[in-house]
Every structure is written in C-alpha cells, then in structure tokens.
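Subject: Structure handover

Hello,

Here is the structure we spoke of handing over.

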Amino acid sequence: MSEAMVEARSVHKSYNGIEVLRGVDLTVARGEVTCLIGPSGSGKSTLLRCINHLEKHDAGELRVDGELVGYEMRGGKLHERNDKQICGERARIGMVFQRFNLFQHLTVLENITIGQIKVKGVSPEAAKSKARELLARVGLDNKESQYPSQISGGQQQRVAIARALAMEPKLMLFDEPTSALDPELVGEVLDVMKDLARSGMTMIVVTHEMNFAKEVANTVYFLDGGVIEESGNPREVLTAPKSERLRNFLSKVL
C-alpha cells in the first residue's frame, strides 16, 4: 500500500480561460497533516475541491489512496467515472467548508445522521449512536436537539466536523474552517482539529492560522498565482522562508 494518501502531479485548472492552477505537484503522506497557505486567489481552495472532484481538473493527475480521482483507466484511456462512483469516492473524503453548510431545517443530531442513513445505509439507531459519540468528541453532546440557528458559529463548525467524521473518511479536507468565525470562537474549532491530528487522521487544511500550521502540520505548501512557491517543514518555512514572495506574505499575516 502506498504511503501517500494524496498525490497531485502537474495539476492544471482554468476558469473562463484564466489558469488558477498551473502545474501543482503535492504529496500528502498517510496520517499526516498538510497546510496550504497563500493569498486569496492563489488556488488553494480550487486544489482542495479538485481533490474530491467537486471541480474537475483540466490536466495532470490526482490520486487519493492510490486511486485516480474522478477517472478510471480503461483500454489505455482515461474515462470519467459515473455519478454513483464519484459519490462513492466523495463519501470517503470528509470536507469541511468555511460556511458550515449545515441543513438549517434539521437538528444537530439529524445533520449528522442523514448522510449515514441515506448514503451508507446505516440503520437510524446505529446512526444516532455514532452521532452522539461524535458530538461528545467535539464537546457538543448537550446540543443534539437544537437547530443550527440556535448555536454559535464555532459550534456549527464543530457539528460540521462531526458530520464529516460520521462517514468514516480516510481523508479530511478543511477549507479555511475558521475564517467565518468570530475571533473568540476560533480556538474551539482548532482544538477539535488538533485532536483529530493527534488521532492520526490524514488532513489537508487551507488556513490563515499560521500558529496552527506551525504547531500541527507536518508539511506546509505556499501557493501563489496557481503554483507552489515554497514547501517544507512548517517550523522552517514559516520562520525562515527562502522566497521573497513568502516573506512578504508572512509579514502581512503574522
């Protein structure tokens, strides 16, 4: 079995003729935490969305757990997988967005059980048991009957993490999970993510939280203009950057 959970080789992606990813190479080892940093518009979120095929990459190769993302090789040619196959792929990759994306008409408990029941075919009772276990893990076991509008942004984001974990993913993707939160709520979400990292979950995190990256990440990639300008150990990259572009970026965010 490959030690790499995610492999990107010369990945390209354009929107309306504008190249957003310009040949990105990246490897995420199994059980490691990788942080993607860089200015807005640098391609970080696009790369994340390509990894779980929410966006189709235009060229290059993406693999998760050794399997091509969104495509399969038949007769020496690449063929896009059908919708059912792609949904099956996504079910094994947890995604946590900036804006939580919870179902507002469902309770906290129902938000966590619905995917288990409808996608994985888990019984309602087993799904509730798993949901309650995960709510306890993220410190929200007293919120199961409330609706998203009745809890704070930080609590909603923790519910979103629990919902993703309920699908038992092999990889977790976080797209700036704290950027929509009030500053005093950021810590509670980062604490849950740190606990996940300690448990051995493979994670890719798009973030502006440099202290989190320095403390938790195994590798940091700095993207700018759709390319990786610099990468490496976060304690080295974030304290002694080699590129002028990264030095300028860090001077603005630190």
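The notes below go through the findings by region.

Please keep in mind that this is a predicted model.

Helix H9 and the aromatic pair

A search of the whole structure turns up one aromatic pair. Its members are phenylalanine 222 and phenylalanine 249, with 5.4 Å from centre to centre and 40° between the planes, which makes the pair tilted. Phenylalanine 222 sits in strand S11 (residues 219-224) and phenylalanine 249 in helix H9 (residues 244-253), so the pair links distant parts of the chain, 27 residues apart. Both phenylalanine 222 and phenylalanine 249 are buried.

Phenylalanine 249 belongs to the buried set of H9, which consists of Leu246, Phe249 and Leu250. These buried residues line one face of the helix, because they fall within an arc of 95° when seen down the axis of H9. On the face of H9 turned away from the buried side are the exposed residues Ser251 and Lys252. The cover over the buried residues of H9 includes strand S3 (33-37), helix H7 (210-216), S11, strand S12 (227-232) and H8.

Serine 243 and proline 234

Serine 243 is in the loop between H8 and H9. Its relative accessible area is 15%, and it counts as buried because the cut-off is under 20%. The side chain of serine 243 reaches the backbone nitrogen of leucine 246 at 3.1 Å, and leucine 246 is one of the buried residues of H9. Serine 243 and alanine 213 are 30 residues apart along the chain, and their C-alpha atoms are separated by 18 Å.

Helix H8 (residues 234-237) contains proline 234, and H8 is among the elements that cover the buried residues of H9. Proline 234 is buried, at a relative accessible area of 0%. Not counting residues up to four places away in sequence, proline 234 touches Ala213, Lys214, Ala217, Asn218, Thr219, Val220 and Thr239. Between proline 234 and glutamate 3 there are 20 Å in space, C-alpha to C-alpha, and the two are 231 residues apart in sequence.

Leaving aside neighbours within four places in sequence, glutamine 156 is in contact with Phe100, Leu102, Gln104, Pro148 and Ile151.

Phenylalanine 100, one of those contacts, lies in the loop between S8 and H3. The phi of phenylalanine 100 is near 70°, a positive value in a residue other than glycine. Asparagine 101 is in the loop between S8 and H3 as well, and has a positive phi of about 55° although it is not a glycine. For background, most residues other than glycine have a negative phi. As for accessibility, phenylalanine 100 counts as buried at 11%, whereas asparagine 101 counts as partly exposed at 42%.

The largest pocket

The largest pocket holds about 580 Å³ of space. It is lined by 22 residues, of which Arg90, Ala91, Ile93, Arg163 and Met167 are the closest to its centre. Helix H2 (83-91), strand S8 (93-96), helix H3 (108-118) and H5 each supply at least two residues of the lining. Which helix gives the largest share of the lining? H3 does, with six residues.

Histidine 57

Histidine 57 is placed in the loop between helix H1 (44-51) and strand S4 (59-64). With a relative accessible area of 8%, histidine 57 is buried. Its contacts, leaving aside neighbours within four places in sequence, are Val11, His12, Lys13, Cys50, Leu62, Val69 and Tyr71.

Regards

Definitions and conventions: Residues are numbered from 1 along each chain as its sequence is written. This is a predicted model: local features need pLDDT of at least 70, side-chain atom pairs count only at pLDDT 80 or more; totals for chains, interfaces and linings use all residues. Side-chain values use heavy atoms; hydrogens and water are left out. Contact means heavy atoms within 4.5 Å. Helices (H or I, at least four residues) and strands (E, at least two) are DSSP runs, numbered from the N terminus. Buried means under 20% relative accessible area, exposed over 50%, partly exposed in between (1.4 Å probe, protein chains only). Rings of Phe, Tyr and Trp (its six-membered ring) pair if their centres lie within 6.5 Å; planes under 30 degrees apart count as stacked, over 60 as edge-to-face and the rest as tilted. The arc is that of the directions from the helix axis to the C-beta atoms. On a 1 Å grid over the protein atoms alone, a cavity is a set of points where a 1.4 Å probe fits but cannot get out, and a pocket is an open set with protein on both sides within 12 Å along at least five of seven lines; lining residues have an atom within 4 Å of a point. Grid points are joined across faces, edges and corners, and a volume is the space filled by probe spheres set on the points. A polar contact is a pair of N or O atoms within 3.5 Å; within protein, one must be able to donate a hydrogen and the other to accept it, and residues adjacent in sequence count only if both atoms are side-chain atoms.
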